[in-house]
Amino acid sequence: MAINELHNDLRTAVRELCARFPDSYWRELDAREAYPEEFVKTLTNAGYLAALIPEELGGSGLGVAEASIVLEEVNRSGGNSAACHAQMYTMGTLLRHGSEEQRRHYLPKIASGDLRLQAFGVTEPTTGTDTTQMKTMAVRRGNHYVVNGQKVWISRVEHSDLMLLVVRTTPVEEVQKKTEGLSILLVDLRDAIGNGMTVNPIRAMINHATTEVFFDNLEVPVENRVGEEGKGFRYLLDGLNAERILIAAECVGDGRWFIERACRYAKDRVVFGRPIGQNQGIQFPIARAHVNVEAADLMRVRAADLFDDGQPCGAEANMAKLLAADASWEAANVTMQTYGGFGFAEEFDVERKFRETRLYQTAPISTNLILAFIGQHVLGLPRSF
Ligand SMILES: Cc1cc2nc3c(=O)[nH]c(=O)nc-3n(C[C@H](O)[C@H](O)[C@H](O)COP(=O)(O)OP(=O)(O)OC[C@H]3O[C@@H](n4cnc5c(N)ncnc54)[C@H](O)[C@@H]3O)c2cc1C
């Protein structure tokens with residue numbers, strides 16, 4: 001099948017699935033701060049969250065281009081991929097760096113949805129973006145690591161069976177380079193919670209199932225370490241390009257949802273005897289937001305093509321994430337303005353999507369940190385940290 005045909009068929013199929021989960025579904029969950037369990041199960045059963053798992057391990061063996069279409073369409077439908085996007089890409093660390101035994105044991109079950117691996121524990125309250133300074137320590141005792149420390153903003157822990165946890169196995173003072181001495185552990189949450197691990201939900205601006213997590217002598221079997229001890233930072237970086245491209249696609253989906261809603265409302269709403277969209281003060285900002293969403297999409301497609309071709313794409317993946325997050329945020333603001341007071345009413349969903357798309361200025365990586373990457377690593381400017 002030609003690539004365009006495959007992409008169009010995929011779009012149509014995901015769109016049809018999403019149509020079974022209308023705005024009211026997401027709105028009601030948002031009000032209750034509840035997890036979209038039925039949606040995630042439906043998406044999993046249809047195989048979409050296993051897009052990036054190779055066929056021989058039970059997935060569909062598709063590329064990031066296709067995976068990104070799935071998430072884009074979810075957001076474009078008015079839903080929120082953040083509930084489950086990590087099931088798609090967190091397993092990449094296991095796929096690329098796990099042992100053959102780990103891959104064969106976990107990946108088919110992740111592909112079928114029997115196991116959920118959609119929690120990734122990196123951020124800590126005292127060190128934030130400065131990942132190498134993290135304080136959570138895992139000390140080896142025989143066949144186990146004993147983990148002590150704290151993480152914050154760890155999402156979907158309560159809706160996962162497994163979590164990838166980034167810890168220090170060597171204190172930062174004892175390594176030559178600060179990026180050394182970090183390791184990745186696969187934590188079985190079914191055993192861990194209540195046995196050395198405590199999870200406290202964080203009430204947040206968006207419905208994101210996010211939590212703070214405490215480790216008090218949590219024991220993790222050494223066989224659950226992914227890859228070599230001390231090399232965790234490199235494994236972390238390895239997964240970032242795919243994540244950036246997928247998030248960019250979600251933002252493009254958000255952007256397109258906003259533009260569609262803004263256009264519809266601007267045509268229907270009549271004030272001073274004419275549709276508000278006839279006023280250039282309303283029309284031009286929507287047109288500009290559309291231009292920026294479509295331009296961001298081109299960078300997302302370019303980054304995905306390079307990624308799937310096995311070529312370096314760090315610059316493109318980061319630029320796609322930045323451009324798409326900015327474009328979706330611009331589209332969100334323009335749509336709020338177009339809706340006037342009604343933009344604030346929950347029943348139109350604009351305020352919910354507005355809150356949701358705002359996240360991508362900050363997480364999983366903030367705009368400033370992307371600019372620092374471009375400045376330092378693409379343009380060769382002096383490092384600021
Ligand atoms: C809803 C939500 C869900 C999340 N889910 C997860 C998750 O599942 N797993 C996980 O590990 N983390 C998660 N995070 C954490 C997220 O990745 C971090 O919030 C984000 O990386 C920023 O870190 P911080 O909040 O500690 O900000 P800080 O590092 O404290 O930074 C604060 C601000 O200062 C800026 N800044 C800091 N240093 C510099 C510098 N040198 N130059 C310029 N600007 C700088 C940053 O860009 C940012 O704007 C989530 C966050 C949220 C809000």
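Among contacts in the protein between residues at least 6 apart in sequence, 72% join residues at least 24 apart. The model is predicted. Of its 385 residues, 46% count as buried.

Start with the overall build. The protein has 14 helices and ten strands. Its radius of gyration is 21 Å, close to the 21 Å that the globule rule gives for 385 residues, so the protein is as compact as a globular protein of that length. The C-alpha trace spans about 80 × 50 × 45 Å along its principal axes.

Next, the domains. The chain is divided into domain 1 (3-112), domain 2 (117-232) and domain 3 (237-378). The centres of domain 1 and domain 3, taken over C-alpha atoms, are separated by 21 Å. Where these two meet, 24 residues of domain 1 are in contact with 22 residues of domain 3. On the domain 1 side, α2 (23-32), α4 (64-76), α5 (85-89) and α6 (91-97) each supply at least two residues. The largest share, ten residues, comes from α4. This side of domain 1 divides into eight nonpolar, nine polar and seven charged residues.

How values were computed:
Residues numbered from 1 in each chain as written. Predicted model: local features only at pLDDT ≥ 70, side-chain atom pairs only at ≥ 80, totals over all residues. Helix = DSSP H or I, 4+ residues; strand = E, 2+ residues; numbered from the N terminus. Rg over C-alpha atoms; globule rule 2.2 N^0.38 Å. Buried ≥ 20, exposed ≤ 12 C-beta atoms within 10 Å, placed from the backbone. Contact = placed C-beta atoms within 7 Å. Domains from an automatic or database assignment. Nonpolar A, V, L, I, M, F, W, Y, C, P; charged D, E, K, R; others polar.
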